[in-house]
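Here are my notes from a pass through this one. Have the viewer open while you read.

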Amino acid sequence: MKRSLSITLMLFVFCLAAHAQTEADPYPDYLEETFMDMDFEGNLASPAVPDNLKKSVSDYVKKNAEEFQRSLPGQVSGSVKVELTRKGEVILVTYPSEELFNPNDTLLSRYADRSLQALLPLMKDPYMYKVVYAVSCDDTGTDSYRYALTDARMNSIYDWLLDKIDEGRIPEEIIIIPDTWGASRPLPGTSQPSRENRRKNRRVEFYFIPGPRLIETAAKSN
């Protein structure tokens, strides 16, 4: 009888543990480690959307992007650009560097927190979007200076995101992949050296890539 009770208790504990694991990690193959090993193009392309769900996902993402655009506070909406990429499946939010950093500085400015908080609604569910962000600068200075500048700025943004996780504003399960480009990825049409073209290339790009729950949700509406 004692042995039977012990086995029953062990099974009960095992079931509780399995349930807890499922609750904590509903998509066990959706791993940050996997994405950390990918380059930017690989991250932008994954997770891939099945062909039969592409329209449903792009429609869902477009609706999210429009809602996000409308939610931007007035002081941010005039400078932040919201668009779609990857054939409408990915939301791209671009911040001019001056919105977040003082010239040649690597620490977030006093106004950056207000601007970056606009992104938080897109991060409330860790399985709806994977977040990839990249920091770029203009072509002035040496290569080493440009990469050092953008790398330090990338880390400042990552520290800000970690603070939001510590504050409970972002779930710790969310996948965030940082990248730094220096001046290696100028925007199309900005090859001519000018003050305006350099300003356009000083930017931080946030890519919101559909995660498994978004794809699953789109499938149910298909």
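1. Start with helix H8, residues 143-166: its 24 residues reach 35 Å from first C-alpha to last, close to the 34 Å expected at 1.5 Å a residue. Keep in mind that this is a predicted model. Just past the end of H8, Gly 168 takes a positive phi of about 80°.

2. Which residues of H8 are buried? They are Arg 146, Leu 149, Thr 150, Arg 153, Met 154, Ser 156, Ile 157, Trp 160, Leu 161, Lys 164 and Ile 165. An α-helix has 3.6 residues a turn, so residues three or four places apart point the same way. The cover over the buried residues of H8 includes helices H6 and H7 along with strands S3, S4 and S5.

3. The largest nonpolar core has 41 residues, and Ile 91, Val 93, Tyr 95, Leu 119, Ile 157, Phe 206 and Phe 208 touch the most other members. H8 supplies the largest share of this core, five residues. A second, separate core of 15 residues includes Phe 40, Val 132, Trp 181 and Ile 209.

4. Tyr 95 is worth a click: beyond its sequence neighbours within four places, its contacts include Leu 100, Leu 116, Leu 119, Arg 202 and Phe 206.

5. Now look at Asp 138, in the loop between S3 and H8. Is Asp 138 buried or exposed? Buried, because its relative accessibility is 10% and the cut-off is under 20%. Its side chain makes polar contacts with the side chains of Thr 140 at 2.5 Å and Arg 202 at 2.7 Å. Leaving out residues up to four places away in sequence, Asp 138 also touches residues including Arg 146, Ala 183 and Arg 198.

Key. Residues numbered from 1 in each chain as written. Predicted model: local features only at pLDDT ≥ 70, side-chain atom pairs only at ≥ 80, totals over all residues. Heavy atoms only, no water. Helix = DSSP H or I, 4+ residues; strand = E, 2+ residues; numbered from the N terminus. Expected span 1.5 Å × (residues − 1). Buried < 20%, exposed > 50% of the residue type's maximum accessible area, 1.4 Å probe, protein only. Contact = heavy atoms within 4.5 Å. Polar contact = N/O pair within 3.5 Å; in protein donor to acceptor, adjacent residues only side chain to side chain. Core = buried A, V, L, I, M, F, W, Y, C linked by side-chain atoms within 4.5 Å.
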